[in-house]
Amino acid sequence: MALPTSQTVAWIESPGAEGKLVIRDGVDIQQPAKGEVLVKMECSGICHSDCRNVEGMGKYEDIPGHEGVGVVVKLGPDVASDLLSKRVGIKWLWSACGNCAACKRGKVNNCPGQLNTGRSVNGTLQQYVVAHATYLTLIPDGVPSEVAAPLLCAGLSLAGAVSKVAPEVQPGEFIAIVGAGGGLGHIGVQIAAHKGYKVIAIDGGEDKRVLCKEMGAVAFVDYTKEDVVSAVKALTDGEGAHGVICVAGSERAYQQAPSLVRNNGVFVCVGLPPDDFMFPMSPIHIANRGLVIKGSSTGTSEQMDELLQLALQGKITPKIEVYEFADAPKIIQELQRYEVTGRKVVKVPS
């Protein structure tokens, strides 16, 4: 069957302070080059980091999105024929160099020469997306596309982040997750609880409290009503959590979060504050307290496969709401106001 030549996309108009996402028709469909495939999208999650595209925080492409699921409908040169018609996921990591020290160690997620979906190439909020065949994720039968989509970014980011608390933090010890009720955070609560950690979820609002408890948190601290530092220390013998994962991207969250971790603890940076915001602790305090500071933007392909298997077994279940593609601009605005609980996924027009 002949493929169309134009499509409907979600397009960033005037990125910056007045930037907004609009639905645009009649946009050309890109064709796959060597080693690439064309994927007909079924759905895409919308991530808070997509707001950075809209707000002009760095160099991004016009079409955002980096957690999409669809079917391969066309192969570029030198792509294995058995990929045709496969249901696949397109992640934040679009490609890696394959030659650097990180890639040779299997840490392609930290490749300094990586290309990223929605940042280096157009993203998944369009009907047809070109993807690098090597870095696709095969979606197992039995995992619905709308469930798989948020696992490709939100899930994988937190799988990577939770893995970073080891070896310093052991199962049975406390991990505080700041921003626990959002799209990334609530999956992180599930993953950390599944790994045997005691999760203290930090967020605001009754709906997020209910969600975090459902996901396996042993306690919830509402930053809109409580003194967060005092509450976390009261839950942890006065010393603070053994590990803290800061998923929230606000400056306020990062300013407070280091006070939640005990001496010799681990702090993992995930959330993305403005680029000019620096980590709010002096080296002398980090040294005196023996803190370990780590970063995690996404996980490995092995963690991705493990996550999808856990989803297949019903052990990881993201809280999702499915919307029409035309709702994408409104969802971006809600994310900018931090009004979203769980993850929102849009159906891409057929």
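Reader: How many of the 8 residues of strand 1 are buried?

Author: This is a predicted model, in which local features need pLDDT of at least 70, side-chain atom pairs count only at pLDDT 80 or more, and totals for chains, interfaces and linings use all residues. Residues are numbered from 1 along each chain as its sequence is written, and side-chain values use heavy atoms, with hydrogens and water left out. Strands (E, at least two residues) and helices (H or I, at least four) are DSSP runs, numbered from the N terminus; buried means under 20% relative accessible area, exposed over 50%, and partly exposed in between, with a 1.4 Å probe and protein chains only. Strand 1 covers residues 6–13 and is mostly covered, its buried residues numbering 6.

Reader: In which sense do strand 1 and strand 2 pair, and over how many bridges?

Author: Two strands pair if DSSP finds at least two bridges between them. Strand 2 spans residues 20–28, and its Arg-24 stands opposite Val-9. The pairing with strand 1 is antiparallel, over 7 bridges.

Reader: Which residue takes a positive phi in the hairpin of strand 1 and strand 2?

Author: The hairpin has 6 residues between the strands. A phi near 55° is found there at Ser-14.

Reader: Is Ser-85 buried or exposed?

Author: Ser-85 lies in the loop between strand 4 (68–75) and strand 5 (87–90). Its phi is near 75°, a positive value in a residue other than glycine. With a relative accessible area of 56%, Ser-85 is exposed.

Reader: Where is Tyr-338 found?

Author: Tyr-338 is not a glycine, yet it has a positive phi of about 55°. At 47% relative accessibility, this tyrosine counts as partly exposed. Tyr-338 is found in the loop between helix 10 (328–336) and strand 17 (343–347).

Reader: What radius of gyration does the chain have?

Author: The radius of gyration is taken over C-alpha atoms, and the globule rule is 2.2 Å times the number of residues to the power 0.38. For 350 residues, a compact globule would have a value near 20 Å. The chain agrees with this, having 20 Å.

Reader: What percentage of the residues in the chain is buried?

Author: The secondary structure comes to 10 helices and 17 strands. Of the 350 residues in the chain, the buried ones make up 56%.
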